[in-house]
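The following note comments on selected features of a predicted model.

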Amino acid sequence: MTKKTLNNFFKKYRNIIITYLIVIVFFLAGGFITPEYLSITSAMGLLEISVPMGLLAIGETLVILLGGQNLDLSNAAIGSFIIVFAATLKNYPFIFVFIIVLLVGLAIGTLNAIGIIYGRVQPLVMTLAMASIMDSLSYLYVGAHAYGGPSKTLIYISTGRIGLVPIAFIFWMVFALVILYIAHYTVLGRRLYLFGNNQSAGIIWGIPRNTLIILAYALSGMFGALAGLITLGIVVVPYFKVMDSLAIPVIAAVILGGVAFTGGEGTYVGVIGGVLIINAITNLLTMLRISQGLRIFFYGVVLLIVLSI
């Protein structure tokens, strides 16, 4: 491989390469603090805890790629609602619960899109309002105390392993491969990138704006619901607002992964690295026994440094 080829390769995949180099740096930093952090078991643990955020990030990536200030602040709250909702369906077959959860997520995401398109509500306002509605709906659905729990099948999918590899990670990667194929090898994916790069030109060229927005937000809601379902299998005991705190870190992971906030640029391959960075930072701060308040501060500082790089 010639020097020119290497330079072209780096220019094309610069953001992705830098993202994964940063993942390695944080992983090595954890090993410096605790040597066990560098073990295969620890690495698999990092992948496992990254699954809920990784699923949320799939939908967030699709929405941000639209450009035009599109983002989804409700997908984490949708996940929190699903934890409470799906826990009450413990005695039903897993496949039934899985399908219902998908449909609920798609429906809520579609409502976001309808508000944005036809109600002309700003995406930030619409999804923030939906997040509040989801939190309220959780209390209305079960009352003061959440009840129920995950089925044995869900617990196995969320926490089980095939050898050393977490099943939940395989579950995440299956969806990641599907979304990568759609984004990069289908007409729908090309339209998404083209529209995100230049919305005005996209409309002139006949790209169905409303259809793209509905699909992106519907899928964001669906993946928020899936993330909630997996999280229920991890936490086992349902309680309110479990995932709400992930709303901003998910957006940060998408941007860290090289997806342009202006839309039309980036790939989910980089976003996976961004998700790993966020969770590696969380692990390090936990290992250092830093309080929640200071963690938020360090999150901001580290993210500013990484985004600058």
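1. Helices here are DSSP runs of H or I with at least four residues, numbered from the N terminus. On that basis, Thr-88 falls in the loop that separates helix H5 (75-87) from helix H6 (94-117).

2. Thr-88 has a relative accessibility of 19%; because buried means under 20%, the residue counts as buried. Leaving aside residues up to four places away in sequence, Thr-88 touches Tyr-141, Val-142 and Tyr-147.

3. The side chain of Thr-88 also places a polar atom 2.6 Å from the backbone oxygen of Phe-85.

4. The packing of H5 against H6 has an angle of about 145°, and the axes lie 11 Å apart. The crossing of these two helices, H5 and H6, is right-handed. H5 contributes Ile-78, Phe-81, Ile-82, Phe-85 and Ala-86 to the contact, while H6 contributes Val-97, Ile-100, Val-101, Val-104 and Ile-108. By class, the residues of this contact of H5 with H6 comprise 10 nonpolar, no polar and no charged.

5. Which residues of H9 are buried? They are Ile-167, Ala-168, Phe-169, Phe-171, Trp-172, Met-173, Phe-175, Ala-176, Ile-179, Leu-180 and Ala-183.

Notes:
Residues are numbered from 1 along each chain as its sequence is written. This is a predicted model: local features need pLDDT of at least 70, side-chain atom pairs count only at pLDDT 80 or more; totals for chains, interfaces and linings use all residues. Side-chain values use heavy atoms; hydrogens and water are left out. Buried means under 20% relative accessible area, exposed over 50%, partly exposed in between (1.4 Å probe, protein chains only). A polar contact is a pair of N or O atoms within 3.5 Å; within protein, one must be able to donate a hydrogen and the other to accept it, and residues adjacent in sequence count only if both atoms are side-chain atoms. Contact means heavy atoms within 4.5 Å. Axes are lines fitted to C-alpha atoms, for helices over the stretch in contact, and angles run from 0 to 180 degrees between N-to-C directions. A crossing is left-handed if the near helix is turned anticlockwise from the far one by less than a right angle, and right-handed if clockwise. Ala, Val, Leu, Ile, Met, Phe, Trp, Tyr, Cys and Pro count as nonpolar, Asp, Glu, Lys and Arg as charged, and the others, Gly among them, as polar.
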